Amino acid sequence: MSYRRFHAIFRKEMLHIMRDWRSLMMALAVPLLLLLLFGYALTLDVDRIPTVIYDQSHTQQSRELANRFSGSRYFEIVSRQGGYAEIVKGIDRSKVLLGVVIPRDFARHVESGEAVAVQLLLDGSDSNTASIAAGYAESLVLAYSTELREAQLIRRGSGKFEPPIDVRVRVLYNNEMKSRNFIVPGLIAVILMIIAALLTSLTVAREWENGTMEQLLSTPVRPSELLLGKLSAYFLLGMADMTIALIVGVGVFGVPLRGNMLLLIFCSALFLFGALCWGIFLSTVTRSQLLAYQLSLLSSFLPAFLLSGFIFAIENMPWIIQQFTLIVPARYFVSILQGIFLKGVGVQVVWGQMLFLGIYATLVFTLANRKMRQKMA
Amino acid sequence: MIKLSNVTRRFGRLTAVRGLSLEISESEIFGLVGPDGAGKSTTLRMLCGLMDPSEGAVEVAGLDVGKHLDQVKDQIGYMAQKFGLYGDLTVEENMLFYSDLFGIDPAERDRMMAEYLEMTRMTPFRDRPAAKLSGGMKQKLALMCTLLHRPRVLFLDEPTNGVDPLSRRDFWEILYRLAKEGMTILVSTAYLDEAERCNRVGLMHKGRMIHCDTPAALKAQMAPYCFRAEAADHRAVRAVLQKTEGVLGAEPAGAALHVYLLEGARREDVERASGARLEPLEPSLEDVFIALIRREESHAAA
């Protein structure tokens with residue numbers, strides 16, 4: 001192992017990265033874009049549900065119910081004078097998600113204390129959003145109905161109405177329940193994967209395709225120097241991205257970082273190292289940029305995106321896929337990220353995940369080092 | 001300086017090099033010629049330790065390549081057919097990169113770089129990205145990169161492929177200078193005028209070295225079998241000659257045909273049988289190689 005040769009490789013790789021605007025874009029612009037996209041646009045929170053109210057009753061009571069909807073931040077009233085036709089047309093064109101139909105005899109029933117039905121029409125094409133919207137609407141109507149009942153009881157002089165069971169909710173961690181708060185930390189895993197798997201998968205294959213590898217092999221450079229030189233350059237790039245993500249996440253989006261920043265950085269480095277080795281390994285084995293890129297997309301980037309729990313909860317996956325996620329390193333990293341960011345947990349909680357990442361990195365590094373041979377064939 | 005003893009290299013069922021033995025002495029320029037697929041590149045790669053021979057031993061600078069690869073690498077310079085220059089790096093950066101890989105002392109490196117840039121007249125281009133150099137300059141840069149560590153043996157795999165004649169001449173002048181300084185050079189080439197410039201030439205065909213000698217000796221050896229035929233109707237005469245017994249081949253060469261005879265065939269017999277008049281010919285290396293390969297093929301067919 002010679003430091004000079006290692007450094008020569010490292011310096012050369014840095015020059016490649018800096019001079020190739022495509023890889024630089026991939027390395028710096030894409031992560032930023034992802035952050036902004038996921039931070040601003042893609043939110044799993046359901047609010048400002050476009051709502052049409054079809055008030056057949058036209059009474060003080062029905063208007064009061066409609067006011068409850070317009071007063072809530074979860075609903076945005078598109079129209080109060082709708083009809084069935086308008087609701088259906090709105091849903092067809094995705095302009096409306098919820099229709100609330102207040103029946104003609106609403107006020108009379110409410111006055112007399114009889115049960116009355118309010119109809120909710122929902123666009124179920126996005127079932128997740130629809131069921132959340134239905135839940136909000138239901139609880140809003142239920143709250144109003146409880147209030148009415150209470151008022152009636154007081155009027156009749158039978159004292160204050162106490163519901164038999166009272167639910168008190170307290171959310172631990174991410175108590176604003178903003179999806180951004182768990183998406184942005186998880187996004188760090190995806191961003192590191194872009195550098196690691198996608199960019200790195202090209203580096204060795206490119207040398208084979210350009211014929212520079214044959215030349216390198218005729219020099220005294222050792223496989224480990226080549227491997228470490230390349231790794232270091234991309235490692236630096238990955239950590240730069242990590243820093244960007246951290247600054248944007250905490251600074252711009254206000255994601256809370258409750259845990260230890262050093263632990264966070266250490267875990268990221270561990271994950272990044274393993275992922276880089278995997279990219280280089282694929283590149284070394286295939287000797288083809290296209291093949292390495294596609295394999296890497298399939299074997300590391302997509303699992304990091306889909307199977308890590310970054311967006312899709314692992315607990316909701318079928319059993320067999322849940323088992324499969326056990327071998328996806330990003331899964332462990334995402335859970336470390338969310339733990340450190342949102343719960344502020346320390347090594348005593350995430351050591352198991354860290355151990356997995358450590359073992360994975362060691363294994364893949366050994367594999368890559370062995371495959372980086374000194375012979376052409 | 002270079003020694004191959006009964007070297008064979010197989011790729012699966014294909015035998016790229018078979019039973020090759022060769023010795024090249026110090027400060028010799030040895031040319032390896034032969035058609036594509038003859039095994040030239042494989043031979044060079046085995047000499048540089050990029051591939052292992054299936055059988056036989058390879059020795060460079062007195063060292064067994066299989067056993068002392070790292071020491072061998074310090075002694076050799078290798079320029080692959082598709083040279084590994086980094087197009088986005090400048091001339092200077094490419095040179096610095098390779099000099100770092102060879103661990104050359106910075107002071108020595110600066111001196112050598114200046115000297116080589118001067119010798120190749122590339123000093124004005126030291127800040128130009130390698131991708132923006134002409135074909136000839138790329139080759140010169142590649143050569144400089146392989147020379148920085150002052151190798152004792154230089155391996156060049158078709159170094160002047162696709163380079164204009166003027167740059168090729170430049171390139172060869174540099175090679176002569178290096179050989180004069182004591183460097184041993186093994187160069188494979190598809191250009192026979194380049195083979196003519198070598199001290200010795202080895203002709204490879206289908207993995208075997210079929211002839212190996214100085215260009216003059218090769219020509220002298222083949223002269224008795226090479227003739228020239230003037231003909232008004234090339235195509236007809238050629239067709240007749242190719243069917244005539246004792247004729248190895250008849251190839252158009254400018255206004256005439258060059259006719260190669262089998263060993264033991266007599267000129268008079270061929271003239272009588274074909275009706276063509278054969279004049280003795282001072283063969284070029286090209287004639288020698290075509291004739292030798294035809295002879296080899298006719299042996300193989302028989």
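**A walk to strand S8 of chain B**

Of the 302 residues in chain B, 46% are buried. This is a predicted model. Chain B is built with 11 helices and 14 strands. Along the principal axes, its C-alpha atoms fill a box of roughly 70 × 45 × 35 Å. Now look at the contacts in chain B with a separation of 6 or more: 69% of them come from residues 24 or more positions apart.

Next, find strand S8 of chain B, residues 184-189. Why is S8(B) largely enclosed by the rest of the structure? Six of its six residues are buried, so the rest of the structure largely encloses the strand. A residue is called buried here if 20 or more other C-beta atoms lie within 10 Å of its own. Check both faces of S8(B). Thr184(B), Leu186(B) and Ser188(B) point one way. Ile185(B), Val187(B) and Thr189(B) point the other way. All of these residues are buried.

Which strands pair with S8(B)? Strand S3 of chain B, residues 29-33, is one of them, and it pairs with S8(B) in the parallel sense over five bridges. Pick out Leu32(B): its bridge partner in S8(B) is Ser188(B).

Strand S7 of chain B, residues 153-157, is also joined to S8(B) by five bridges, and these two strands run parallel. Here Phe155(B) stands opposite Leu186(B) in S8(B). Now follow the chain from S7(B) to S8(B). The path goes through helix H6 of chain B, residues 165-180. This β-α-β crossover is right-handed.

Methods. Residues numbered from 1 in each chain as written. Chains lettered and ligands numbered in written order. Predicted model: local features only at pLDDT ≥ 70, side-chain atom pairs only at ≥ 80, totals over all residues. Buried ≥ 20, exposed ≤ 12 C-beta atoms within 10 Å, placed from the backbone. Helix = DSSP H or I, 4+ residues; strand = E, 2+ residues; numbered from the N terminus. Pairing = 2+ DSSP bridges. Right-handed = clockwise from strand over helix to strand, strands pointing away. Contact = placed C-beta atoms within 7 Å.
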